[in-house]
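Let's take a friendly walk through this model together. Have the viewer open, and follow the headings as they come.

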Amino acid sequence: MQRITITLDDDLLATLDALSQQRGYNNRSEAIRDILRNTLTHEHTQHGGQSGYAVLSYVYEHEKRDLASRIVSAQHHHHDLSVSTLHVHINHDDCLEVAVLKGNMHEIQHFADDVIAQRGVRHGHLQCLAEE
């Protein structure tokens, strides 16, 4: 490991310290390492030829006009990416789905964008992990 010195303005340092405390980091170095790893992972997943894994999570209104069937159709259209899907009934109106995906990161991103952009889908998030 290398020891480095960085200069941060007061507001950014306060934000780093708050984030470190909130997430339970023992020190600033651990927080900065994780921030850099997450950024690098995000950058790697943007390359079209990169393969890896991803978790797509989203909440949707199951009663929204044909939304459930459109989501299922998108899942079947991209069946080669799907490893597993978890479906949870949150309440009378909303469902949570978590899909574990594997494949080309560009295709995974395209699939996630298609699902998240559907009218009635809320809280969509894609977490990617590129293969090394």
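Cysteine 95 is buried, with a relative accessible area of 1%; buried means under 20% relative accessible area, exposed means over 50%, and partly exposed is in between (1.4 Å probe, protein chains only). Cysteine 128 is also buried, at 12%. How many disulfides does a search of the whole structure find? The count is zero, where a disulfide is a pair of cysteine sulfur atoms within 2.5 Å.

## About the model

Please keep in mind that this is a predicted model, in which local features need pLDDT of at least 70 and side-chain atom pairs count only at pLDDT 80 or more, while totals for chains, interfaces and linings use all residues. Residues are numbered from 1 along each chain as its sequence is written, and side-chain values use heavy atoms, with hydrogens and water left out.

## Salt bridges

Side chains of opposite charge can pair when their charged atoms come close. A search of the whole structure finds three salt bridges, each being a side-chain nitrogen of Lys or Arg within 4 Å of a carboxyl oxygen of Asp or Glu. One of them joins the side chains of aspartate 17 and arginine 28, at 2.7 Å from N to O. This pair links distant parts of the chain, with aspartate 17 in helix 1 and arginine 28 in helix 2, eleven residues apart. Helices (H or I, at least four residues) and strands (E, at least two) are DSSP runs, numbered from the N terminus. Aspartate 17 counts as partly exposed at 30% relative accessibility, and arginine 28 counts as partly exposed at 41%.

Now turn to arginine 122. Its side chain meets that of glutamate 61 in a salt bridge of 3.1 Å, N to O. Glutamate 61 lies in strand 1 (residues 51-61) and arginine 122 in strand 4 (residues 121-130), so the pair ties together parts that are 61 residues apart in sequence. Arginine 122 also forms a salt bridge with aspartate 94, with the closest N and O atoms 2.8 Å apart. Here the link runs from strand 4 to aspartate 94 in strand 3 (residues 94-104), across 28 residues. Together, Glu61, Asp94 and Arg122 are linked in a network of salt bridges. Are its members buried or exposed, or in between? Glutamate 61 is partly exposed at 26%, arginine 122 is partly exposed at 30%, and aspartate 94 counts as buried at 13%.

## Details in the strands

Histidine 123 is found in strand 4. Its phi is near 55 degrees, a positive value in a residue other than glycine. At 61% relative accessibility, histidine 123 counts as exposed.

Serine 51 lies in strand 1 and is partly exposed, with a relative accessible area of 29%. The C-alpha atoms of serine 51 and lysine 102 are separated by 7.5 Å, although these residues are 51 apart along the chain.

## An aromatic pair

A search of the whole structure finds one aromatic pair. Rings of Phe, Tyr and Trp (its six-membered ring) pair if their centres lie within 6.5 Å; planes under 30 degrees apart count as stacked, over 60 as edge-to-face and the rest as tilted. Which residues form the pair? They are tyrosine 58 and tyrosine 60, in a tilted arrangement with 6.1 Å centre to centre and 35 degrees between the planes. Tyrosine 58 counts as buried at 1% relative accessibility, and tyrosine 60 counts as buried at 4%.

## The largest pocket

The largest pocket has a volume of about 480 Å³. Of the 14 residues that line it, Gln2, Ile4, Ile6, Ser29 and Ile32 are the closest to its centre. On a 1 Å grid over the protein atoms alone, a pocket is an open set of points where a 1.4 Å probe fits, with protein on both sides within 12 Å along at least five of seven lines, and lining residues have an atom within 4 Å of a point. Grid points are joined across faces, edges and corners, and the volume is the space filled by probe spheres set on the points.

Helix 1 (10-23) and helix 2 (28-45) each supply at least two residues of this lining. The largest share, five residues, comes from helix 2. By residue type, the lining divides into eight nonpolar, three polar and three charged residues; Ala, Val, Leu, Ile, Met, Phe, Trp, Tyr, Cys and Pro count as nonpolar, Asp, Glu, Lys and Arg as charged, and the others, Gly among them, as polar.
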